[in-house]
Each structure stands twice: as C-alpha cells, then as structure tokens.
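Hello,

Here is the structure we talked about. Please open it alongside this note and follow the residues as you read.

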Amino acid sequence: MKAALNKDFAYAMTPMKILSWPVGTWPLQDYNIFSALRVIITSCLLLLMLTIVQSEMYLDSNDAEKNLDALVILSCGILAVSKVIRFRIRPAALILNFTSAVEDYNELRDDEKRVIVRKHAYMARVTSVSMIFFAYFSSILFITVPMLAEKEEKNVVNVTEESTSEYPIPSENVMALVKIPKNLYFFVFIMEYLMLLFTSTGNLGSDSLFFGITFHLCGQVEILKLDFKRLKIGSERTREHFNVLTRRHIYLINLAKMLIDTISSILAMQLFTSCILICTSGLQFILALSIGNIVMAVKTFMVLTALMVQLFAYSYVGEYLRRQMEGIGDSMYFCNWYDIPKSVAKDIIYVIMRAQEPVFLRAGQFLVVNMETYTSIIKTSMSYLSVLRVMVNG
C-alpha cells in the first residue's frame, strides 16, 4: 500500500514539479538562494523580453503583423512574470495546500478514496498537458516562421542586397540599433526561444500548478462527501465522528479561500488580456487566411487555441470547485440522518446551510469565474472581432 501511495503521489505531483521548479515556484522546494536564483533568472529574462518587444513596437509601428505578434508576446510575458513573482513572494497558501496534500496521501488507506484521488490527479494532468502542448507548440512555430521567412527571402532577394535577419520575437530593429554582430545571431536566436519557453512555463506552468492543487482539493471534498454518507449511525462515537468531519469541512473551505485569494488579482488581468488577445489573434488568423499565408494561419490558430484552452480551464475549475463544495449539503441530506441522535441531527442543518454558501473562484474579488463567464467572454470577444473584421475590410 505504501508503494502504491508513493506511486500515486508521484503521478499527481511530478508534472507540477517539472513545470514549476525551473521558474522557482515549486511550493515543496527549499526556499534558499538557489530557488531565489531561479526566480531572478526567470524574471530577468521575461523583463528583458518585455523591454525588447516594447522597444520594437516603438521603433516600428507600421508593421501590423509584427505588432500583433508583439502584443501577444507582451501580454503573455506580463502574465508570466506576474504569476512567478506572486507565487514566489506570497507562497503561504500554496505551501499550506501542498503540505496538506502530502499529509492526505500519507493518510490514504481506503481503496475507494484512492480511486477518487487518482481520478482528480488524472484530471489535473489532462488540463496541464492540454495547455502546455499548445503553448510549447506555439513557441516552436514562432521559431519556424522566421526560419521559413528568411529562407524565402534568400530565394527572392538579390544576393547583393542586404537582408534583415528574422528572430523568434519581434526584435529586428532593436538588434540593428544595438549592432549585434552577425556571428552572434544563433546565440540571440536561442536566447529568444528560451524567453518564449519561460513565458509559456511561467504563464501556463503556473496555471498548471494552481489547477493541480485545486483538483486535489476537489478530490478531498469528494472524499469528505463519502465520509458524510458513511457517518456512523447508532454508535456512541457518532458525535465525535461528526465533529471530525465538520472540522475537516471548515479546513477544506479555508484552503480553497486561500487559493482563491492567491490567484484573484492575477485572474482579473488574465481575463482582460484573454479577451483582447482572442480578438487580435482571431483577426490575425482571418487576415492570414485571406492572403493565403498558411504558416502564419497555423501559428495564429495555435496561439488562439492556447488562449481558449487556458480560459476554459479556469472556468471549468471554478465551476467544478463550486459544485463540489455545494455537494457537501447533498451528501448530508442523503445520509441516514433520521437514525442519528437528535443532538447531532440538529447540527446537520448548520452543515447544510454552510454548504449552500458557494465557494467561487473570483477574479479581483468581484467577477465570478465559471462556465457562464467563459461563454460571456467568448461572445464578447467574437462581437469585437466582427467589428474589427468589418473595419479592416471597409
């Protein structure tokens, strides 16, 4: 059993550790100089990328295609550095939740409960893999497009003419301004690709960390519902067992609130930028199709898909967390409460009442994030996209 529990723990935690440890936000790490160094390196790379992209937009504001790419990279970079710094500066909620998860796995002895935990670990894995796949594939496309563009340019332009080198992120004018030697082109190319990878890992990797522990929390709520249904009836220890379960309920609610407070301010910025980027990426996708640029259309489609998957993941997790918390009241109602001593049966009412107070994932403590929010954002984005398309065609 111990070997099985260790295997389950590794199954659940390894993907989150792989994505968060390189950027220094893994909650179960030793918070020493080495972890701080990883955060500093990540933050410096992201801030350097933001500076380069912002400068490039200032130096060349006429290239619409390049500026749309720059806007995507700029927004994702700001989100990435915000999440990395936030998770590093205020890690208390994540540390407490992950420490609690370690204790949950150590105390797991029931096969039925083990299946529940494993199912939620699988849900976390699917969510993480879906987001990271689209993010990393988009980063690869940001490399592929400049390579193809440069090859095509060499075939078309006269050899005697001087051509400008292409880079993974919009930075041609900045590199020309600082006079980067041509023999360092490959080094700069690799550094910019690393910036894109750190952007994907800092942004969607941090999301995977949050989703993973939230799904584990939902699994613990599912186990609590099972324990409430199994409440010992007609036993002298009914009151004691009931008190243990109610304390566990309060503890899980506090863990959920701590997670929500950690992500709340960043989530408001996330929803705002997602709405803008879905509009701009959708417009870029339409323009790429209209001129027959298949490579650009594929790249934009992957970016657009990554944004939609990320937004859907937040909405689904918020909806799932709410339903799981509200399900505590249903589990209490369906237990054999009519056979429980009256003193305990009266307290069941308070548990049901407490379960009716929904635990919402909120953005900025004012906007509830659930599937209804996802639908609303998609509708709004499509409306703005239609307006932009009409303006461009007009």
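A charge counts as sitting over a ring if NZ of Lys or CZ of Arg is within 6 Å of the ring centre and within 35 degrees of the ring normal. By that rule, the charged end of Arg 125 sits over the ring of Tyr 11, 4.2 Å from its centre. The charged end of Arg 118 also sits over the ring of Tyr 11, 3.9 Å from its centre. Bear in mind that this is a predicted model.

**Transmembrane regions**

The unreviewed UniProt entry lists residues 31-50, 70-89, 122-145, 184-202, 266-288 and 294-317 as "transmembrane region". I checked two of them against the model. Residues 70-89 are 100% helix and 0% strand, with the end C-alpha atoms 28 Å apart. Residues 294-317 are likewise 100% helix and 0% strand, and there the end C-alpha atoms are 34 Å apart.

**Helix 7**

Helix 7 covers residues 185-229. Does its span agree with its length, or disagree? At 1.5 Å a residue, its 45 residues should span 66 Å; the end C-alpha atoms are 65 Å apart, so the two agree. There is a bend of about 25° at Leu 204.

**Aromatic pairs**

The model holds 14 aromatic pairs. One of them joins Phe 9 and Tyr 105. Their ring centres are 5.4 Å apart, with 80° between the planes, and the pair is edge-to-face. Phe 9 lies in helix 1 and Tyr 105 in helix 4 (residues 92-106), so the pair ties together parts that are 96 residues apart in sequence. Tyr 105 is buried, with a relative accessible area of 3%.

Phe 211 and Tyr 314 make another pair. Their centres are 4.7 Å apart and their planes are at 75°, so this pair is edge-to-face. It links distant parts of the chain: Phe 211 is in helix 7, Tyr 314 is in helix 9 (residues 294-334), and they are 103 residues apart. Phe 211 counts as buried because its relative accessibility is 0%. Tyr 314, at 1%, counts as buried too.

There is also one aromatic cluster, formed by Phe 215, Phe 312, Tyr 316, Tyr 320 and Tyr 374.

Gly 24 is in the loop between helix 1 (2-20) and helix 2 (33-59). Its relative accessibility is 0%, so Gly 24 counts as buried. What does Gly 24 touch, not counting residues up to four places away in sequence? The list is Gln 29, Ser 35, Arg 38, Val 39 and Arg 88. Gly 24 and Phe 211 are 187 residues apart in sequence, and their C-alpha atoms are 17 Å apart in space.

Ser 381 is found in helix 11 (residues 371-393). Ser 381 counts as buried because its relative accessibility is 0%. Leaving aside neighbours within four places in sequence, Ser 381 is in contact with Cys 275, Ile 278 and Cys 279.

Best wishes

Technical notes. Residues numbered from 1 in each chain as written. Predicted model: local features only at pLDDT ≥ 70, side-chain atom pairs only at ≥ 80, totals over all residues. Heavy atoms only, no water. UniProt positions renumbered as here; feature names shortened; annotations may be inferred. Helix = DSSP H or I, 4+ residues; strand = E, 2+ residues; numbered from the N terminus. Buried < 20%, exposed > 50% of the residue type's maximum accessible area, 1.4 Å probe, protein only. Contact = heavy atoms within 4.5 Å. Expected span 1.5 Å × (residues − 1). Bend = angle between axes of the 7 residues up to and from the residue. Phe/Tyr/Trp six-rings, centres within 6.5 Å; stacked < 30°, edge-to-face > 60°.
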